[in-house]
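Visitor: Please take me through this model.
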Amino acid sequence: MVTQVKDVMGVVAIAVHRQATCTELMATMRRFKVNAVAVIDTDGRPVGMVSEDDLLSKETGTSYGEPLFEGRRRRQEPEATAGLTAQEIMTSPALTVSAETPIREAARLMRDHRIKQLPVIDPTSGKITGTVHQVDLLKVFSRWAPDILADVAAAIARLHLDTRTLAITVDDGVVRVGGRLARRSQIAQLTEAGRRIKGVVDLQVDATYGHDDQTETPSLRV
């Protein structure tokens, strides 16, 4: 059974409207202890995201700076952003998932875009229905690398592949397989099998192969 976002998501939709002020944005982040909030239109559909980094970028002209809220060292509202609204600060469009999105897909989206939460929307109406956080996904992916490695090796054995020709590494739930395979089609087989393993966020195969059995040979006509 594939675990979906709905199995781990929070039912609180953390969002503000387009005209929310910087003070309201910061208050929302502090209230829910998050580093970003979704910006929604009048119909409740996400149109962008505002993060601490967005606020700092407007203030300093740089990105990935010091967090705005850090215990007793919380900064005061930046003067440069004080008069701006969420619509003027936000990053758009908003990255979203639905309740039926597999959590591996949500995890890859967070990893690739270096974000820690995603708005969850109703796929029909597009309205926000909740929020899924990185910590929610980590509860599912919190397996030791040796355990994941053992399961990947078992999956390789079931596919009748030779582990002696492959190099396998696990880093934060991302499995990478290098080396050499007999046939090109085995790459897809290995990827599909590996992504079914509990704790695997993603499986990437960077292996050579001896025979390309996926190349189509055109029929000869006389």
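Guide: On a 1 Å grid over the protein atoms alone, a cavity is a set of points where a 1.4 Å probe fits but cannot get out, and lining residues have an atom within 4 Å of a point. The model is predicted: local features need pLDDT of at least 70 and side-chain atom pairs 80 or more, while totals for chains, interfaces and linings use all residues. Numbering runs from 1 along each chain as its sequence is written, and side-chain values use heavy atoms, without hydrogens or water.

Visitor: Which residues line the largest cavity?
Guide: Its lining consists of I14, A36, V37, A38, M49, Q117, L118, P119, I128 and T131. Two or more of these residues come from each of β2 (36-40), β5 (117-121) and β6 (128-133); strands are DSSP runs of E, at least two residues, and helices of H or I, at least four.

Visitor: What is the volume of that cavity?
Guide: About 40 Å³, a volume being the space filled by probe spheres set on grid points joined across faces, edges and corners.

Visitor: Turning to the second largest pocket, how many residues line it?
Guide: There are 21, with R111, Q134, L138, D172 and V201 nearest the centre. A pocket is an open set with protein on both sides within 12 Å along at least five of seven lines. This one holds about 420 Å³ of space.

Visitor: Which element gives the most to that lining?
Guide: α5 does, with 4 residues. At least two residues each come from α4 (103-113), α5 (134-141), α6 (145-158), β7 (166-171) and β8 (174-183).

Visitor: What follows α4?
Guide: R114, with a positive phi near 55°.
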